[in-house]
There are 2 protein chains.
Amino acid sequence: MSERYISVNGELMLANSLSISASDLAIQRGYGIFDFLVTVNGKPIFLEDHLLRFYSSAQSMHLPVTLNQKELIGAIDQLMGKNQLPNSGIRLTLTGGNSPDGYSIGNPNLIISQSPFNYQNQVFENGLKLITYEHQRQLPFIKTIDYLKAIYLQPIIKAAGADDVLYFFNGLVSECPRANFFMVTEQNEVLTPKENILHGVTRKHLLKLKGYIIREANINIEMLASAKEAFISSSTKNILPVTSIGGKQIGDGKPGPITRNLYEQFKQLKGISF
Amino acid sequence: MSERYISVNGELMLANSLSISASDLAIQRGYGIFDFLVTVNGKPIFLEDHLLRFYSSAQSMHLPVTLNQKELIGAIDQLMGKNQLPNSGIRLTLTGGNSPDGYSIGNPNLIISQSPFNYQNQVFENGLKLITYEHQRQLPFIKTIDYLKAIYLQPIIKAAGADDVLYFFNGLVSECPRANFFMVTEQNEVLTPKENILHGVTRKHLLKLKGYIIREANINIEMLASAKEAFISSSTKNILPVTSIGGKQIGDGKPGPITRNLYEQFKQLKGISF
């Protein structure tokens, strides 16, 4: 790859020259937050939603952000101007900072990184296989860097021939590690779990789409058996159909008509075309 | 401080020259393990126990360790020889490594750091105040770097005028974020939670001390009200008396005789004198 730039505490530098002190609380204690958004044709998508969540995550985790929103947008603009990657993913990371005692919050490091990213239509047509796993993420509303259980589970997911894992706890379905979950009922209602989840930006916009009743609900794990369609959503995945859960086929095992309709609506909203 | 050395993947370097790539999975996803041991008069304490747990944690989290046990002991010896800190804490950290996609395990970084550490007798006499909090740590048997909830709770602990937090879940007491928990019953039995905890090295050795029945048990949170004494244990804390839990005084609010006796026995075992 060509030399890519990164923004660290508001200063541009070459990405491969960046490194973080080993005494940063992210390395010592897994303590930090982040957010991730995409750019399409040079335009950051749902930027305000992502910034709102980023500052909210930071505040919840007691991490000061040295740049205010205007300065942060300026830093993102500057990075985009330097890197010239019109279709990209932008990650904002805020670490716990260098900790004097390995436990107290220091001066957080704010890292903005950018990498090429293009949507691939083919993934939609393939559909995803999920396994289920009983787990409740800690602090689910906050976008922390904690993906310990998700990465720990990768060999189990692979062994099952699956693509990802759907968490449930106390009988209720919650989310995938990096995506929200939706199912279509026999009455053609589109439901997404209401509680103990990360409030995804894509999820928020899907809840406003037209043509169907799309609503938050408690989804009992037994309800999955009667799902006509299912899909997951995230900023990088948009909508991806789920064609089997726990080895059981959903619908006819292909992307369903409601999922497809919402996907087309959402692409239009987001300004993506294939 | 004078220039201190650190060992990274078996190579010595100046501690302040070490930094970790921002694409390491520890920073991206809070993914890594560690262990921590102390040296007293130049001798690593319970080294074999810590190494056993370190390799076990690494294996559980699918992280390869590039040094075998003999090489790792050699690296620790080399570091100790260079730093000349006879009374110290040694931290072995194994990160997820540079991840090509921000999610898959890369080549883990093995960092051995050393810092001065001396036990302070006074802390024992003061006793600790704990609050209780309902939480179950994920993957509790594995010594991961995940202290997200513990650090998140610091302002709540401070607001309560407490020193630390005691987790419980489904009515059962488990542990403090960085220490195991023990209580003395009305029958002078010393109990420590049995399940869903990290198996502390100090805890292991305390369970073998003489003079009392010391055993693992399920401790219901209501049992705390009848505790005659309570204490926590860890490699850095040895034994520290707990004098109140959730605002309620334990015993007469001072370190009790059984706690004191076990502390004296343990100091002797460990070769510490004040």
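Hi everyone. Let me start with chain A: of its 274 residues, 45% are buried. Keep in mind that what we are looking at is a predicted model.

So what is chain A built from? It has 8 helices and 17 strands. Its C-alpha atoms fill a box of roughly 55 × 40 × 30 Å along the principal axes. For 274 residues, a compact globule would have a radius of gyration near 19 Å, and chain A agrees, because its own value is 19 Å. Now look at the contacts in chain A between residues at least 6 apart in sequence: 69% of these join residues at least 24 apart.

Next, the place where the two chains meet. How many residues of chain A are in contact with chain B? There are 29, and they touch 29 residues of chain B. On the chain A side, β3 (19-21), α1 (25-29), β6 (88-95) and α5 (148-152) each supply at least two residues. Sorted by class, that side of chain A has 17 nonpolar, 9 polar and 3 charged residues.

Strand β3(A) pairs with strand β3 of chain B, residues 19-21, in the antiparallel sense over 3 bridges. Within that pairing, Ser19(A) stands opposite Ser21(B).

Which residues of α2(B) are buried? They are His50(B), Arg53(B), Phe54(B), Ser57(B) and Ala58(B). Viewed down the axis of α2(B), these buried residues fall within an arc of 135°, so they line one face of the helix. If you remember your helix geometry, an α-helix has 3.6 residues a turn, so residues three or four places apart point the same way. Covering the buried residues of α2(B) are, among others, β4 (32-40), β6 (88-95) and α7 of chain B. Just after α2(B), His62(B) takes a positive phi of about 65°.

Leu206(B) sits in helix α7 of chain B, residues 201-206. Is Leu206(B) buried or exposed? It counts as buried, because it has 23 C-beta neighbours inside 10 Å, and the cut-off for buried is 20 or more. Beyond its neighbours within four places in sequence, Leu206(B) is in contact with Ile214(B), Ser233(B), Leu262(B) and Phe266(B). Leu269(B) is 63 residues from Leu206(B) in sequence, yet their C-alpha atoms are 9.8 Å apart in space.

Key
Residues are numbered from 1 along each chain as its sequence is written. Chains are lettered from A and ligands numbered from 1 in the order in which they are written. This is a predicted model: local features need pLDDT of at least 70, side-chain atom pairs count only at pLDDT 80 or more; totals for chains, interfaces and linings use all residues. Helices (H or I, at least four residues) and strands (E, at least two) are DSSP runs, numbered from the N terminus. A residue is buried if 20 or more other C-beta atoms lie within 10 Å of its own, exposed if 12 or fewer, and partly exposed in between; C-beta atoms are placed from the backbone. Two residues are in contact if their C-beta atoms, placed from the backbone, lie within 7 Å. The radius of gyration is taken over C-alpha atoms; the globule rule is 2.2 Å times the number of residues to the power 0.38. Ala, Val, Leu, Ile, Met, Phe, Trp, Tyr, Cys and Pro count as nonpolar, Asp, Glu, Lys and Arg as charged, and the others, Gly among them, as polar. Two strands pair if DSSP finds at least two bridges between them. The arc is that of the directions from the helix axis to the C-beta atoms.
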